[in-house]
Amino acid sequence: MRQVGTLPNENNAGRFAAFLVTQGIAAHSEQDGDQWAIWVRDEDDIDKARDSFETFRRDPDDPRYKGAEQKAESIRMEDFRRRVEASQNVVEMRGRWK
C-alpha cells in the first residue's frame with residue numbers, strides 16, 4: 001500500500017478516494033495528524049492515482065467527482081457480496097480425512 005498524497009479535509013479526501021475506486025483503483029483515506037492521507041493498495045495503480053490526485057487538487061469541485069461516494073459504495077458492496085459468495089464455495093477439509 002502506498003500513499004498518494006494528503007488533503008486538508010476529510011470530505012475531499014473521502015471524495016477523492018471514492019473517485020479512485022470508481023476508476024478501478026482500490027483506495028481509502030485515513031486521518032494522518034491534521035491532514036487526510038489517501039492510500040492506494042496496488043503498486044501498479046500508483047502513477048495513475050498520483051496523476052488523478054494532482055488533477056483533483058487543482059479542481060476538487062469538478063463535476064466528474066460528483067456522486068463518487070455513492071458509486072464507490074455500490075462498487076464496494078458488490079465486491080463484498082462476491083467475496084461472501086465465493087467464501088460459501090470453500091469446503092473446509094481439515095478433519096475430514098480420517
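Buried means under 20% relative accessible area and exposed over 50%, with partly exposed in between, for a 1.4 Å probe and protein chains only. The views below come from a predicted model, in which local features need pLDDT of at least 70 and side-chain atom pairs count only at pLDDT 80 or more, while totals for chains, interfaces and linings use all residues. Residues are numbered from 1 along each chain as its sequence is written, and side-chain values use heavy atoms, with hydrogens and water left out.

View A. R81, which is partly exposed with a relative accessible area of 38%, forms a salt bridge (a side-chain nitrogen of Lys or Arg within 4 Å of a carboxyl oxygen of Asp or Glu) with E78, their closest N and O atoms being 2.4 Å apart. Salt bridges that share partners join E78, D79, R81, R82, R83 and E85 into one network.

**View B. The surroundings of F16.** Apart from neighbours within four places in sequence, F16 is in contact (heavy atoms within 4.5 Å) with L7, I38, A49, S52, F53 and F56.

**View C. The loop residue D61.** D61 lies in the loop between helix 2 and helix 3 and is exposed, with a relative accessible area of 63%. The C-alpha atoms of D61 and N12, 49 residues apart along the chain, are separated by 9.1 Å.

Conventions:
Helix = DSSP H or I, 4+ residues; strand = E, 2+ residues; numbered from the N terminus.
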